[in-house]
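This briefing is meant for a reader who has not looked at this structure before. Please keep the sequence and the model at hand while going through the points below.

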Amino acid sequence: MDGRGRPPWRPARHVAALLALALSVALPAAAQTVSASLQGTVRGADGAPLADAVITARHAATGVVRTALTGADGRYLVGSLPPGEWIVTATSPEGNPGGERIVTLALQQAGRVDFVVLSGLAEQVDVKGTPALLEPRRTATELRIDDMKVDALPVQGRAITQLALLDSSIVATPPGAFFGERGAVFSANGQGGRANAYLVDGLDNGDRVSSTTLNSFFSQQVVREYVLMKNSFAPEFGRASGGVMNVVTERGENDFAASAFVQGSRREFNSAGEFVEGLPGATADDSGEMGAFGLKLGGPLARDRAFYFAAFEQLTSDDVYPYTGVDRNGVAGGVLRGASRSTNLFLRTDFNLSESDLLMVRLSGDRRSSEGLNVGGITTPEAGFALEEEDWQFAAALTSVISPTVVNEFRALVGTSDFGQRANSTRPGVERPSGIFGGNNLALQDRTEQRVELLDNVAWTVGAHQLKAGIDLLWTRTRARTAFNPNGNFLYATDRPFEPGDCGDLLASQVPRCPPGDPYCAELATPVPCPGIPGVDDDGDGLVDEPGRIDSYPFVFQYIDGRPEVTLDDTQLALFVQDSWQVHPRLTLDYGLRYDLASYVLPGAITVPSTIENGGAGRDTNNLAPRAAFSWLATPDGKTIVRGGAGVFYDKIPLGFPAVSAVTSQTEIGLIFPQGLTFEITEDVVEQYGIDLILSGLVFPENLTMRFSTATELDTPYAVQYTLGADRALGQYGALTLEAVRVLGYHQVMMRDLNPVVTTDASGMPIHRDPAVGSIAAITTEGRTWYSGVTLGYRWSRGSDWASASYTWSKAEDMAPDPLKGGIALPPDSDDVEGETGRSDYDRRHRLVLSGSCGLGFWGLRVGAAAQYASATPFNVTTGRDENLDGITSDRPEGVGRNQGEDSPLGPINELRREAGLEPVDELSTEPFLQVDLRLSQPFPLGDGGAGGEWYLQVFNLFDRYNPAMIDGRVTSVNFGEALGLAGPPRTLELGLRFGF
């Protein structure tokens, strides 16, 4: 089957039926969402499997005790174990001991300890240790970030999500504006940044509106470890076709512990970088600075029974936002300094209610504020946003050991979120090829959200099987209130200043006729004789009998009429069942089914009255996802492991997409085309006479009013993933990994015009397919994605020293950009969406990551470093004008494909530049990304009581390399082909001190 054809898994009802039948007879178990597991065999002195032996595991830090019995084959498995150090013993049915072992289990790790039990008091331990860094039962591909890596590596902004980029197959999302939303950090499997899921203590913590990042932020101090699952993850993990970040938080233990830190940087020691220093008015002092402090403490409320952990952290920064856009004063570029603040509070308690019941309760809150959002590239500070956010969460989890083979987990979460975004200006907005200034169309957005999540799953063990089944119910209510720029927005096709000439308004009869349907022919750039009163300087600009230029008129005036509010109630239901079957000591099969359902549907009133069908999409109810994966010890010595899998991974439609339709359902987005009407209306006129007077003289015809809706069907996005790879132990401490991944995405969210312009009238005004109404910008789910990647990696670890290297070759393509990133994007030809297929915004053909930490051998110094290289991302070449008259400037020159970037043909590009009076370009090129970060630390003692501390120095972008980003793709811009921003920071130094006991 062609990779672009119909998916082989959907509806896949016969596959689902076979898997369901297999699961119904398999009887397996083991909860790994926020836990680990332990397995092995017990044999007698004669080497025969020992049945009914008692395995006892005791958590060293909290005293939790778990037991299990071996089966007839001598196997045992203990699931749902909190990560940490465990003391494990085995006892024969007659009471003979099998020794004691101490094993440290990480999140989602399956540890293995084998015992040999002798008669009498003699004992022997036979541990079948697998080679270093190999996990024979793991079928999913994942990146584990534990406290060792967090403490060893430089972490910019104390945001540990940045450490996800240590895996070369995980790609940093390119910079871009999300209209006040925070952008996503990473992309996995070539899917968009909205395709990831974020879990904290097994509960959903994704932003339901944007899906670009975490809903509530947790400080670096409270994250014990996290696992980033990239592909082949179990059915219990869902609502993601990209990656799943699974975080577990810190907890108190029997020993009291406390620590505090202070960390910061000063602008005097940081570099502004050559990009910033080259901007008008900027100097070497235009660098950022940061300050952070925090403390945490934890210990027992009652030894072996109850524990607490609390933390507080605050971070403030003075950030630098460079921009290249031309502002209203004609200055091309500059720097905005914006303050940001983040405050986090965290409290967690854990109770061993009995030998069988464990309770976790936590309360967390964070408050964040940012200035300068949306500023960068051609967007000047006037068109930016300020953002205020506040989140509170109350979560609880009850783990009940019903029997040695059955465990039930119940989790609950109640949360609230407040989000407030304000535009920096309400002046008339102006968008020119080389700069955006004035107010943004979206002047205000207030949003509140309540969420409740209830999750329950049961896991049980029978022989070689581990079965887990569960239900996850997530309800959210989001109330959004918006306001639009009260003074409208002007779009210009040129940077040329407005010039009507000495006669004032130009008349259509004075403009040379153009070919039908081509309002931007070359004659428009020809000055029109317009003397006014001969011999008199009519407009007082010092030029007598000055000609006019109709191409200097704005080609679109947008005015959004409305102050809408909307409430979005959504309930997401997920059901899953899965089995992990140890078919053979060398073969593990993981397989299962997941079902997802979202309840939200748009009200029928949102449908745009038209002969073009739109809106009315019902629920998508057939989201059944089969998954299967295997792990095989390919060699008897256990040094080679082969892994593979295939499955369906359903995502979600972020509420931000239907919210656009809901918010604008009672809103009219009127469009006026001043060049066609040939009368004078500019931002200066609006400010001089007021918008009310201007609106009283304007008519927004129905056929020129843009409205928003959806397609008649909205399907849940999903991806079909195929993986195959192998791990090979190299010596006692190293391992080599090779993996190939193929991902096909279906029903991806995009936007297109359901009622496009089909022709123009005699005056150049657009005529739509349904001539009674204007464009219908609709959210649809007909997009596709294609991703192929091969990753080669090496890992080495010995004690506290470790090193990692990985290289990924990949190719990512899609059919459309993110619908709301950087503004609303419509295809130039909405009848040919397949023709929009091109490189994804997240496509990085080559990516190499090196990281590690080791002691330097003197003065107790340790060094940690991370180096990243990535080939350049693509950029989209556009005309900078509205060629198809839909009011959106995302049209491209003829013959130029989407995101062709430096491979775009120069002929049509230079023809447009010639018409605009700009110099031709000889070539287009982009620069790769390269950054080296460093952390140097030294521990020191504090007194004789075991207390101590550490000072550390972090350096980001050690060599102060200029990493360009956001290439200007507007052909008619003076900055065309040049970088508009930075993909990473200039060299930044941070000094920190941490101490505790």
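F218, F309 and F346 make up a single aromatic cluster. The model is a predicted one, and it contains 12 aromatic pairs.

**Aromatic pairs**

- A pair of aromatic rings is described by how far apart the centres are and by the angle between the planes.
- F293 and F312 are a tilted pair, because their ring centres are 6.0 Å apart and their planes stand at 50°, which falls between the 30 degrees below which planes count as stacked and the 60 degrees above which they count as edge-to-face.
- F293 is partly exposed, at 41% relative accessibility.
- F312 is partly exposed as well, with a relative accessible area of 26%.
- F858 and W859 form an edge-to-face pair, with 5.3 Å from centre to centre and 85° between the planes.
- Within that pair, F858 has a relative accessible area of 40% and is partly exposed, whereas W859 is exposed, with a value of 68%.

**Charges over rings**

- R158 sits over the face of F261, 3.9 Å from the centre of the ring.
- R432 sits over the face of Y492, at 3.7 Å from the ring centre.

**Nonpolar surface patch**

- A nonpolar patch on the surface is formed by L730, L736, L738, V790, L792, Y794, Y807, W809, L848, L850, Y869 and L930.
- Together these residues have about 970 Å² of accessible area.
- Two or more residues of the patch come from each of β36 (734-753), β39 (776-798), β40 (801-814) and β42 (846-855).
- The largest contribution is that of β39, which gives 3 residues to the patch.
- L930, one of the patch residues, is located in strand β44 (residues 929-942).
- L930 has a relative accessible area of 36% and therefore counts as partly exposed, as the value lies between the 20% limit for buried and the 50% limit for exposed.

**I888, a buried loop residue**

- I888 is located in the loop that runs between β43 (862-870) and α8 (906-915).
- Its relative accessibility is 11%, so I888 counts as buried, the cut-off being under 20%.
- Apart from neighbours within four places in sequence, I888 contacts M706, I824, L826, R881 and D882.
- I888 and E680 are 208 residues apart along the chain, and their C-alpha atoms are separated by 21 Å.

**V88, a buried strand residue**

- V88 is part of strand β5 (residues 84-91).
- V88 has a relative accessible area of 0% and is therefore buried.
- Not counting residues up to four places away in sequence, V88 is in contact with L38, I55, T56, A57, G99, E100, R101, V103 and F115.
- From C-alpha to C-alpha, V88 and G645 are 32 Å apart in space, while 557 residues separate them in sequence.

How values were computed:
Residues numbered from 1 in each chain as written. Predicted model: local features only at pLDDT ≥ 70, side-chain atom pairs only at ≥ 80, totals over all residues. Heavy atoms only, no water. Patch = residues over 30% accessible without salt bridge, like charges linked within 9 Å, V, L, I, M, F, W, Y side chains within 5 Å. Areas by Shrake-Rupley, 256 points an atom, 1.4 Å probe, with all protein chains shown as cover. Salt bridge = Lys/Arg side-chain N within 4 Å of Asp/Glu carboxyl O. Helix = DSSP H or I, 4+ residues; strand = E, 2+ residues; numbered from the N terminus. Buried < 20%, exposed > 50% of the residue type's maximum accessible area, 1.4 Å probe, protein only. Contact = heavy atoms within 4.5 Å. Phe/Tyr/Trp six-rings, centres within 6.5 Å; stacked < 30°, edge-to-face > 60°. Lys NZ or Arg CZ within 6 Å of the ring centre and 35° of its normal.
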